[in-house]
Amino acid sequence: MALDDNVGGMQITDKSKMAVVTVESTLAGIAAALQTALQSSTFANDDVIYTIQIIRNKNSNDCTAFIVFENES
């Protein structure tokens with residue numbers, strides 16, 4: 001990952017390593033669910049996380065988090 005001034009954002013070093021993990025929980029429990037997911041064996045110490053987006057489901061207190069990362073392992 002490198003910051004490229006010409007693009008104005010992050011440059012992906014190897015797009016074949018891009019991955020997305022989803023985490024589902026209630027609004028009250030999403031922080032703990034994310035912490036558990038980030039500490040799981042899915043992620044290695046050298047993985048690069050690009051973004052974590054939390055979206056609340058319509059008409060409920062359930063939500064889904066999307067973790068976009070570059071899998072370095």
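I begin with the surface of this predicted model. L38, I49, I52 and I54 form a nonpolar patch there, with about 300 Å² of accessible area together. Strand β4 gives the most to the patch, with 3 residues. At 39% relative accessibility, I49 counts as partly exposed. For the protein chain as a whole, the accessible surface comes to about 5100 Å², and 49% of that belongs to carbon and sulfur atoms.

The protein chain has 1 helix and 5 strands. Read from the N terminus on, the elements run β-β-β-α-β-β. Of the 73 residues in the chain, 25% are buried. Among contacts with a separation of 6 or more, 55% are accounted for by residues 24 or more positions apart.

Next, the helix. Which residues of α1 are buried? In this helix, which spans residues 30-38, they are I30, A33, L34 and A37. These residues lie on the same side of α1, because they cover an arc of only 100° around the axis. The general rule behind such a pattern is that an α-helix has 3.6 residues a turn, so residues three or four places apart point the same way. On the other side of α1, A31 and T36 are exposed. And what covers the buried residues of the helix? The cover includes β3 (18-26), β4 (48-56) and β5 (62-70).

Leaving aside residues up to four places away in sequence, I30 touches V23, S25, I54, C63 and A65. I54, in that list, is also one of the residues of the surface patch.

The largest nonpolar core has 11 residues in all: V21, V23, I30, A33, L34, A37, F43, C63, A65, I67 and F69. The elements that give two or more residues to this core are β3, α1 and β5. In soluble globular proteins, nonpolar side chains tend to be buried together.

I turn now to T26, which lies in strand β3. T26 is partly exposed, with a relative accessible area of 37%. Residues up to four places away in sequence not being counted, T26 touches N61, D62 and C63. T26 and N57 are 31 residues apart in sequence, and their C-alpha atoms are 9.5 Å apart in space.

A word on the loop between β4 and β5, where N59 is found. Phi of N59 is near 65°, a positive value in a residue other than glycine. Is N59 buried or exposed? N59 is exposed, with a relative accessible area of 76%.

Finally, charged pairs. Side chains of opposite charge can pair when their charged atoms come close. How many salt bridges does a search of the whole structure find? The search finds 1. The side chains of K17 and E72 meet in this salt bridge, at 3.8 Å from N to O. The pair links distant parts of the chain, with K17 in the loop between β2 (9-11) and β3, and E72 in the segment after β5, 55 residues apart. K17 counts as partly exposed at 30% relative accessibility, and E72 is likewise partly exposed, with a relative accessible area of 27%.

Key
Residues numbered from 1 in each chain as written. Predicted model: local features only at pLDDT ≥ 70, side-chain atom pairs only at ≥ 80, totals over all residues. Heavy atoms only, no water. Buried < 20%, exposed > 50% of the residue type's maximum accessible area, 1.4 Å probe, protein only. Helix = DSSP H or I, 4+ residues; strand = E, 2+ residues; numbered from the N terminus. Arc of directions from axis to C-beta. Contact = heavy atoms within 4.5 Å. Core = buried A, V, L, I, M, F, W, Y, C linked by side-chain atoms within 4.5 Å. Patch = residues over 30% accessible without salt bridge, like charges linked within 9 Å, V, L, I, M, F, W, Y side chains within 5 Å. Areas by Shrake-Rupley, 256 points an atom, 1.4 Å probe, with all protein chains shown as cover. Salt bridge = Lys/Arg side-chain N within 4 Å of Asp/Glu carboxyl O.
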